[in-house]
Amino acid sequence: MRLIIIGCPGAGKGTQAKRLKEIYDIAHISTGDLLREQVALKTELGNQIADIMKSGGLVTDEIVGKLLMMRIEKPDCANGYILDGYPRNVEQAEYLYSIIGDVDKVVYINVEDSIIIDRMAGRLACPKCGQTYHIKNSPSKVEGVCDDCGSALIQREDDKEETVKNRLEVFRKSTFPIVEYYKNKGLLLEINGDNPIDKITSVITEGLK
Ligand code: AMP
């Protein structure tokens, strides 16, 4: 199964993507994680994109496209994958189509901006494995420590309020048009994201039947 998950920052797409990965035994591909990995490794590419990512702007289509193509060729993608954070604009959606054709479904998690700003203020992330938590809604077992790998949790630079506002703006301008693009193709599964995590997962899996 090949899926795309779309939602503004903080809509919960990473959380749902991880669950769908387990349910359907497919790879979870987050372009944000692929890019953060480059920044953390301080590769030439990483140094080039660090400032753009800090500001919440978009990395060039060419860079992200290349990283994505390398990733989907890996063996763990043989059974399918869920793309989280890609495509981010219509150009990327068209590029993706030119490479792999249509995906099976595009899940769009819809959440209002005011709810998002509130949620992001409490979000913590593991700098090592990328797992995310929320101080209130989904805390780690030990405060400030990642359940999966034991690293100290941080607030991501791009989860700070000013950056969140910028990312929402970028979402509205660049990414929202792809919702319409996939709706026109008859591939969109729109989900109300203002619900508990388990409920959202079951509505998605029901919609994918
Ligand atoms: P995310 O973890 O998906 O919220 O992505 C974090 C940051 O990585 C974004 O704010 C962008 O700077 C960059 N990024 C992730 N995916 C893409 C993409 N498909 N195109 C351009 N930039 C991206």
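Which helix gives the largest share of the lining of the largest cavity? Keep that in mind; the tour comes to it.

**Before you start**

This is a predicted model, in which local features need pLDDT of at least 70 and side-chain atom pairs count only at pLDDT 80 or more, while totals for chains, interfaces and linings use all residues. Residues are numbered from 1 along each chain as its sequence is written, and side-chain values use heavy atoms, with hydrogens and water left out.

**Stop 1: the whole chain**

Show the chain as a cartoon. Its secondary structure comes to eight helices and seven strands. Helices (H or I, at least four residues) and strands (E, at least two) are DSSP runs, numbered from the N terminus.

Now look at the overall size. The C-alpha atoms fill a box of roughly 40 × 40 × 35 Å along the principal axes. With 209 residues, a compact globule would have a radius of gyration near 17 Å, and the chain agrees with its 16 Å. That radius is taken over C-alpha atoms, and the globule rule is 2.2 Å times the number of residues to the power 0.38.

Colour by accessibility. Of the 209 residues, 45% count as buried. Buried means under 20% relative accessible area, exposed means over 50%, and partly exposed is in between (1.4 Å probe, protein chains only).

Next, think about contacts, meaning heavy atoms within 4.5 Å. Take the contacts with a separation of 6 or more: residues 24 or more positions apart account for 70% of them.

**Stop 2: the largest cavity**

Select Ala93, Leu96, Tyr97, Gly101, Asp102, Val103, Tyr181, Tyr182 and Lys185, which line the largest cavity. Helix H5 (90-100) and H7 each give two or more residues to this lining. Here is the reply to the opening: H5 gives the largest share, three residues.

The volume is about 50 Å³. The structure holds one cavity of 30 Å³ or more.

On a 1 Å grid over the protein atoms alone, a cavity is a set of points where a 1.4 Å probe fits but cannot get out; a pocket is an open set with protein on both sides within 12 Å along at least five of seven lines; lining residues have an atom within 4 Å of a point. Grid points are joined across faces, edges and corners, and a volume is the space filled by probe spheres set on the points. Ala, Val, Leu, Ile, Met, Phe, Trp, Tyr, Cys and Pro count as nonpolar, Asp, Glu, Lys and Arg as charged, and the others, Gly among them, as polar.

**Stop 3: the second largest pocket**

Select His28, Ile29, Ser30, Asp33 and Arg71. Of the 13 residues that line the second largest pocket, these lie nearest its centre. Helix H1 (13-24), strand S2 (27-30) and helix H2 (31-40) each give two or more residues to the lining. S2 brings the largest share, four residues.

The volume of this pocket is about 240 Å³. Its lining divides into four nonpolar, two polar and seven charged residues.

**Stop 4: salt bridges**

Side chains of opposite charge can pair when their charged atoms come close. A salt bridge is a side-chain nitrogen of Lys or Arg within 4 Å of a carboxyl oxygen of Asp or Glu. By this rule there are 15 salt bridges.

Select Glu62 and Lys66. Their salt bridge has its closest N and O atoms 3.8 Å apart. The two are four residues apart in helix H4 (residues 61-72), so about one helical turn separates them. Both Glu62 and Lys66 are exposed.

Move to Asp113 and Arg172. Their side chains form a salt bridge at 2.1 Å, N to O. Asp113 lies in helix H6 (residues 113-121) and Arg172 in helix H7 (residues 161-184), so the pair ties together parts 59 residues apart in sequence. Asp113 is partly exposed at 30% relative accessibility, and Arg172 is partly exposed at 41%.

**Last stop: Thr205**

Select Thr205 in helix H8 (residues 197-207). Is Thr205 buried or exposed? At 18% relative accessibility, Thr205 counts as buried. Leaving out residues up to four places away in sequence, Thr205 touches Leu20, Ile23 and Tyr24.
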